[in-house]
Amino acid sequence: MLGAWCLVLGPSARAAEPALAKFLGSQSCASAMCHGGADEKYNQVIIWTKKDFHTRAPATLTMARSARMAETLKIKDATTDARCTVCHNPFQTVPAERKGPLVGKLEGVSCESCHNAAEPWLLTHTRTDLTREQKVGAGLRDLKDLYVRANTCVACHQNLEPEVRAAGHPELVFEMDGQCVAMPRHWSETNRLHGAQAWMAGQAVALREAAAQSADPKASDEVRQRGAALAWVAGIAPEPAAADQLARTVAEQNWKEGDVRARLIKLASAHASFAEASAAPGELAQRAERVAFGLERLLVALQMQKEPALSAKLDQLFQDIQSRPDFAAQKCAGHLKEFEPEWGKLSAK
């Protein structure tokens, strides 16, 4: 399933990627006058190396938990096996002829993992006389496009082979806006409402992948319930094509405060659905998880997450979803209903 999104992304988003472009390594980005300087305009590599959890991805494969999983999967060495390195150290599987001399052995999830192999665009991507379209045409991946960004991240942040999950790998929950903030950002974001839009685009892409996974006869209940919960949040059928179209549509929109408020109110007003007897307990728990994370991202976009009347209620929802086996749907529904007076105030604005 890893990388399955490439089949959905479509030729328009992938046509610019040269088939044999070389990866040049993070050091090619790290000069002081480029992205390796101390000034906030040039410190992207410093932020990545010092603060970004992606740099620790290869080291994860040396931990005892990884060794136990490898033993279960009959993998000789997790640090070199493609089933593990495809996400934790993707340069491990790049052919030698496509790697420049500066590519490090433990490059990990690096600049080009997200921005694309740099050989064709490195010398032109900072030129002010070129348009964004021209830079993308040279091979630079357009991560400002939320649809492209979600597709770049989702394969490693949600999809797991069933055997790997069964061997003890933690569940992966893709939530694009919150995970982008947690990196932390090494790019500027001037539109605070963009995060809410990123959250919804990410949920749609996550649904597309979950729906595709659910079609596999070997799919677990966890995966099927994830797809059902995401479809409930998105308000569409759990079908890959519908989810992909929603992701594209959301990415092309320009949300205003009214759009975020409307999404917020709709999400929180669905407390009655937690009383549905037809939904499996596991699905209800996953719905509640998506609601809590969604409310948080939408409140952050509106700069309301720290308001006392809302902050304590949001904390309670996160307590409700701490354990799926112990999740109490009726209790969560009651806590969600407590938001309603606040939504009334929002609607009146």
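A: **Salt bridges across the chain**

Lysine 218 and glutamate 163 join their side chains in a salt bridge, 3.5 Å from N to O. A salt bridge here is a side-chain nitrogen of Lys or Arg within 4 Å of a carboxyl oxygen of Asp or Glu. Lysine 218 lies in the loop between helix 12 (194–214) and helix 13 (221–234), and glutamate 163 in helix 10 (residues 162–166), so the pair ties together parts 55 residues apart in sequence. Helices are DSSP runs (H or I, at least four residues), numbered from the N terminus.

This is a predicted model: local features need pLDDT of at least 70, side-chain atom pairs count only at pLDDT 80 or more, and totals for chains, interfaces and linings use all residues. Residues are numbered from 1 along each chain as its sequence is written, and side-chain values use heavy atoms, leaving out hydrogens and water.

Now accessibility. Buried means under 20% relative accessible area, exposed over 50%, partly exposed in between (1.4 Å probe, protein chains only). Lysine 218 is exposed at 56%. Glutamate 163 is partly exposed at 35%.

Next comes arginine 324. Its salt bridge with glutamate 171 has the closest N and O atoms 2.9 Å apart. Arginine 324 sits in the loop between helix 17 (308–320) and helix 18 (329–337), while glutamate 171 is in the loop between helix 10 and helix 11 (176–182), 153 residues apart. Arginine 324 also forms a salt bridge with glutamate 222, at 3.8 Å between the closest N and O atoms. Glutamate 222 belongs to helix 13, 102 residues from arginine 324. Glutamate 222 is buried, at 18%. Shared partners join Arg165, Glu171, Glu222, Arg226, Glu289 and Arg324 into one network.

Terms used
Helix = DSSP H or I, 4+ residues; strand = E, 2+ residues; numbered from the N terminus.
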